[in-house]
Amino acid sequence: PWEDTCLRFISENPEQPDLWLCLGQVFEKQHKQREAFTTYGQVLTLDPNNSEAYARQGRLFCEFGQYTSAQTACQRALDLDPENSLAHAYLGIAYSYLGNNEEARKHAQIAEAAGLNMMSVWKKVGQ
């Protein structure tokens with residue numbers, strides 16, 4: 001239903017990155033991570049400066065266990081929008097897996113201050 005609605009709107013407005021971003025979020029909610037990842041790539045094709053798409057790709061890279069790629073995507077998101085809390089959250093997670101505990105804590109604190117639950121980082125690196 002939501003996916004069909006998004007696809008209908010996108011077919012009528014294929015150059016709208018925000019519609020693609022919404023479709024990616026729908027895919028994520030449906031646990032279709034690969035489809036979401038591809039959709040966020042489409043957002044970045046249309047809008048190479050879309051911080052949210054980079055942050056969401058960073059989130060998916062973390063889910064895929066690709067922490068170096070997550071770090072790169074989240075850092076790009078933060079270069080574009082230093083206030084992107086999702087990028088801070090997943091950059092913190094990526095750093096915790098890459099063994100950079102200081103950076104992991106720094107980004108986790110920023111994300112937590114924005115209201116995100118960063119327990120996964122705290123369990124891994126301590127507070």
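Start with helices H3 and H4, which cross in a left-handed way; that label applies when the near helix is turned anticlockwise from the far one by less than a right angle, while clockwise makes a crossing right-handed. The model you're looking at is predicted, so local features need pLDDT of at least 70, side-chain atom pairs count only at pLDDT 80 or more, and totals for chains, interfaces and linings use all residues. Residues are numbered from 1 along each chain as its sequence is written, and side-chain values use heavy atoms, with hydrogens and water left out.

Helices here are DSSP runs (H or I, at least four residues), numbered from the N terminus. The axes of H3 and H4 come within 9 Å and cross at roughly 150°. Axes are lines fitted to C-alpha atoms over the stretch in contact, and angles between N-to-C directions run from 0 to 180 degrees. That makes H3 roughly antiparallel to H4, a term for angles over 145 degrees.

Helix H2 (residues 17-29) packs against H3 (residues 33-46) at an angle of about 170°, with the axes 8 Å apart. H2 and H3 are therefore roughly antiparallel to each other. Their contact includes Trp20 and Phe27 of H2 and Tyr40 and Val43 of H3. By class, this contact of H2 with H3 has nine nonpolar, four polar and two charged residues. Ala, Val, Leu, Ile, Met, Phe, Trp, Tyr, Cys and Pro count as nonpolar, Asp, Glu, Lys and Arg as charged, and the others, Gly among them, as polar.

In soluble globular proteins, nonpolar side chains tend to be buried together. Which residues touch the most other members of the largest nonpolar core? In this core of 35 residues, they are Cys62, Tyr90, Met118 and Val121. A nonpolar core is a set of buried Ala, Val, Leu, Ile, Met, Phe, Trp, Tyr and Cys residues joined through side-chain atoms within 4.5 Å. H6 gives the largest share, eight residues. Leaving aside residues up to four places away in sequence, Met118 touches Ala89, Ile93, Ala108, Ala111 and Glu112.

Finally, find Asn84 in the loop between H5 and H6. Is Asn84 buried or exposed? Asn84 is buried, because its relative accessible area is 5% and buried means under 20% (1.4 Å probe, protein chains only).

Conventions. Helices (H or I, at least four residues) and strands (E, at least two) are DSSP runs, numbered from the N terminus. Angles under 35 degrees count as roughly parallel, over 145 as roughly antiparallel, 65 to 115 as roughly perpendicular and the rest as oblique. Contact means heavy atoms within 4.5 Å. Buried means under 20% relative accessible area, exposed over 50%, partly exposed in between (1.4 Å probe, protein chains only).
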